[in-house]
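Colleague: I have a model open and would like to know what the labels on it rest on. Could you take me through a few?

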Amino acid sequence: MLDIAKLAGKIPGISQHYKNEVTASRQRVERAEFLLKQTQAKQQELIEIHQNWQNRFIFSAAIPVEPLNTRVTINLAPYCHSVFATDGSQIAPSHHEIAYCYLINIGRIMLHYGQNLHPLLDSIPEVYYKPEDIYISKQWGIKVEEWMGYRRTVLEAQLLSEMACRWVKPPGPHYEPNLALIDGSLIYWFFDSLPNEAKELILPPIQNAWEELRKANIPLMGYISASRSNEAINFLRLQACPHDTPNCVMNCSDLMDEKTPCHVVHPLRDAALWDYLLEPGQRGPLWRSSLRILNLYEETQWIYFCYVNVGTEIARIEVPAWVAENSELFSQSLSLMLTQVSKGYGYPVALAEAHNQAVIRGGDRARFFALLEQQMLKAGLRNVGTSYKEARKRGSIA
């Protein structure tokens, strides 16, 4: 049982710790702002240094494609527009249940504004039970639970594209301003650790879905709340480097990354800096991510990002290259995103509703396995039931 009296005695010390941390954080932000101004004065030179030396860095630095002092006020969305979003959830397999299988549930949201059209709020569940679904990842040493998450990512992209490009009222893609939203990053870090055979089953379907959106001219956007990225700040480290050349492998190979002389604002994150620089409703400069994993993407799908003060937080907004390079489409997408945040009281309403449609609660899990048990009994299977351990947990007398 939690000892409240002991906990209360520690709170004053915690408060002082956070006061000290706030002071230190403010000082780091001020140093970063000064470094940003120095970097801006040599921006083009530093971009060239990045291009020449990036394979010798021990960190990943994004490349600015706009002046670092860029501040753009985002307009509100037009009255008529449509927004599409998907999100997923799952039930992991368990040897203690009546069958070793898993379920992926994808929430779908389609919201039309100013068009007198019905919205779509539903979910698409899919059960995976065949040996090729359950055990395919074993050959690569990937756990079933991990593979299930990758499959969920594919389904989120495919159903988003299908919904946005093929809905039928009016027939075909709708050419009012549109936005296809994904909760989280468009940079799938996990690809880097996958063997090539596994990548071929995951990445191409995602890229094909994104290509459908590109052909239909429906912009794709990833919305990242509470981002912990420091890709933008890492570009400032090129200015802070004290060596003649930024050859990290040669100059700093014996140092931990946070101990290198260029890491003068560690552990400051991008979002903390732009929170200091941006007014509500403004975005900062556009950047192109240079993460190695993007070499697997098609060039039109390379990821660009910017930071936006949405009023409640600094959100990291990611878009593929074909959206970022079309200034009108990019500006329009940001307008729709910011309007979604306003309608959702601090978070895009379409993404919040997609999550609500997808989420699987404890009662849903119990009903799923109860339904599965009924169907197995109807099919003539006998000795169907949970393990003794699971049965005792559900029927505990404590």
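This is a predicted model: local features need pLDDT of at least 70, side-chain atom pairs count only at pLDDT 80 or more; totals for chains, interfaces and linings use all residues.

Modeller: Residues are numbered from 1 along each chain as its sequence is written, and side-chain values use heavy atoms, leaving out hydrogens and water.

Colleague: Why is helix 4 called roughly parallel to helix 5?

Modeller: Helix 4 (residues 144–166) and helix 5 (residues 196–215) pack at about 20°, with axes 8 Å apart. Angles under 35 degrees count as roughly parallel, so helix 4 is roughly parallel to helix 5. The crossing of helix 4 and helix 5 is left-handed, meaning the near helix is turned anticlockwise from the far one by less than a right angle.

Colleague: What makes Trp210 a contact of Ala157?

Modeller: Contact means heavy atoms within 4.5 Å. Leaving aside neighbours within four places in sequence, Trp210 is in contact with Ala157, and also with others including Ile182, Leu186 and Tyr297.

Colleague: What makes a set of residues a nonpolar core?

Modeller: They are buried (under 20% relative accessible area, 1.4 Å probe, protein chains only) Ala, Val, Leu, Ile, Met, Phe, Trp, Tyr and Cys residues, joined through side-chain atoms within 4.5 Å. The largest such core has 45 residues, and Phe191 and Trp210 touch the most other members. Its largest share, twelve residues, comes from helix 4. Apart from this core lies another of 34 residues, among them Leu181 and Tyr223.

Definitions and conventions:
Axes are lines fitted to C-alpha atoms, for helices over the stretch in contact, and angles run from 0 to 180 degrees between N-to-C directions. Helices (H or I, at least four residues) and strands (E, at least two) are DSSP runs, numbered from the N terminus. Angles under 35 degrees count as roughly parallel, over 145 as roughly antiparallel, 65 to 115 as roughly perpendicular and the rest as oblique. Buried means under 20% relative accessible area, exposed over 50%, partly exposed in between (1.4 Å probe, protein chains only).
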